[in-house]
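Subject: Two-chain model, handed over with notes

Dear colleague,

I am passing on the structure we spoke about, with the sequence alongside. Please look through it first, and then read the notes below with it open.

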Amino acid sequence: MPYTCPVCGYKDLPSPPRDYEICPSCGTEFEYHDARRGHAELRERWVQNGAIWHSRVVNRPVGWNPWLQLLRAGLGFSVPRLFVDMRLQSGPMILLNKVDGARDLENLVELSC
Amino acid sequence: MLKPYVCVACEKIILAKDNVASLINLFSKIIVAVPTNSPDIPRNAVAPKEWAIFSSWDTELGDELKDYEFCTQIFYPDGTPFGEPGKVRIPIDPGKRAQVTVQIPAFPIGQTGLYTVKTWIEEGQTKVFGPIGFGIELAVVQQDRAQ
């Protein structure tokens, strides 16, 4: 059963976050790095340094995004705030097989909705 | 075999007691307004705005005995994936249309253009239907802070 890193929210730790287990995502070595610093402080440092994938042994998962990982782990308060305003607009649905950029997607079927 | 009935993106889904879904604010375009002269948005940036993918499927007799998973993957306009593929089991009642919701806690905003949401069905880790999907256009506009 995989475990979740309490620092960065990586959810596939093979062992519990203790006994010098190292998180491949943020690089925290448990019971060493977190012996004197709290998880929140370690997280803040990781974020300030760009939230970069740490491990050179464990491959970064395809599509990995540190901010999405933090949000999914309930740690969204650590995601840097961007001063943007978002508006959602409805309109005709863009089906993939009507889009030039989607030609590489195989076996597309048009939805009837 | 499941047949697609609908697959859309919306801001929120409210499920009634009888499992009837109300889809709030279906969207196909996102406009991100940034303050004038602000620095470029980082390529991996996200807007922490929760949204959902709702899909509904026509079923046939025997589908209720199968273990179908609804799989989703979002792609940036340049084709690179955003997030890992999501997999959710599709609950099926005999003779009823099946529906499944995928909640996503943020939207990627690091690239402008057409994002694609690709979905497919797996049974026992094997793709048995799809992919199908739709696009969501993202545009960035600059505006004064006072607006």
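How many residues does the contact take from chain B, and how many from chain A? The contact takes 41 residues from chain B and 35 residues from chain A, where two residues are in contact if their C-beta atoms, placed from the backbone, lie within 7 Å.

Before going further, please keep in mind that this is a predicted model, in which local features need pLDDT of at least 70 and side-chain atom pairs count only at pLDDT 80 or more, while totals for chains, interfaces and linings use all residues. Residues are numbered from 1 along each chain as its sequence is written, and chains are lettered from A and ligands numbered from 1 in the order in which they are written.

**Where the chains meet**

On the side of chain B that touches chain A, at least two residues each are supplied by strand S1 (3–15), S2, strand S3 (29–35), strand S4 (46–47), strand S7 (81–89), strand S10 (113–123) and S11 of chain B. Helices and strands here are DSSP runs, numbered from the N terminus, with helices being H or I of at least four residues and strands E of at least two. S3(B) gives the largest share of that side, namely seven residues. Sorted by class, the side of chain B that touches chain A has 27 nonpolar, eight polar and six charged residues; Ala, Val, Leu, Ile, Met, Phe, Trp, Tyr, Cys and Pro count as nonpolar, Asp, Glu, Lys and Arg as charged, and the others, Gly among them, as polar.

S3(B) also takes part in strand pairing across the two chains, since strand S1 (residues 85–89) of chain A and S3(B) pair in the antiparallel sense over five bridges; two strands pair if DSSP finds at least two bridges between them. Within this pairing, A:Leu88 has B:Ile30 in S3(B) as its bridge partner.

**Chain B**

Chain B has zero helices and eleven strands, and its C-alpha trace spans about 60 × 30 × 20 Å along its principal axes. Of its 147 residues, 29% count as buried, a residue being buried if 20 or more other C-beta atoms lie within 10 Å of its own, exposed if 12 or fewer, and partly exposed in between, with C-beta atoms placed from the backbone. Among the contacts in chain B between residues at least 6 apart in sequence, 66% join residues at least 24 apart.

Four strands of chain B form an open sheet in the order S2-S1-S5-S8, with antiparallel pairing. Its edge strands are S2 and strand S8 (98–104) of chain B, each of which pairs on one side only. S1(B) and S2(B) pair over five bridges in the antiparallel sense, and B:Ile13 stands opposite B:Leu23 in S2(B).

**Chain A**

Chain A comes to three helices and two strands, which run α-α-α-β-β from the N terminus on. Buried residues make up 26% of its 113 residues, and of the contacts in chain A with a separation of 6 or more, 33% are between residues 24 or more positions apart.

In helix H2 (residues 39–48) of chain A, the residues A:Leu42, A:Arg43 and A:Trp46 are buried. Seen down the axis of H2(A), these buried residues fall within an arc of 100°, so they line one face of the helix; the arc is that of the directions from the helix axis to the C-beta atoms. The buried residues of H2(A) pack against H1 of chain A. After H2(A) comes A:Gly50, with a positive phi near 100°.

**Backbone details to check**

Most residues other than glycine have a negative phi, and most peptide bonds are trans.

- A:Asp19, in the segment before helix H1 (33–36) of chain A, has a positive phi near 55° and counts as exposed, with 9 C-beta neighbours inside 10 Å.
- B:Asn25, found in strand S2 (residues 21–26) of chain B, has a positive phi near 60° and counts as exposed, with 12 C-beta neighbours inside 10 Å.
- The peptide bond from B:Gly130 to B:Pro131 is cis, with omega near 10°, and B:Pro131 lies in strand S11 (residues 126–143) of chain B.

With best wishes
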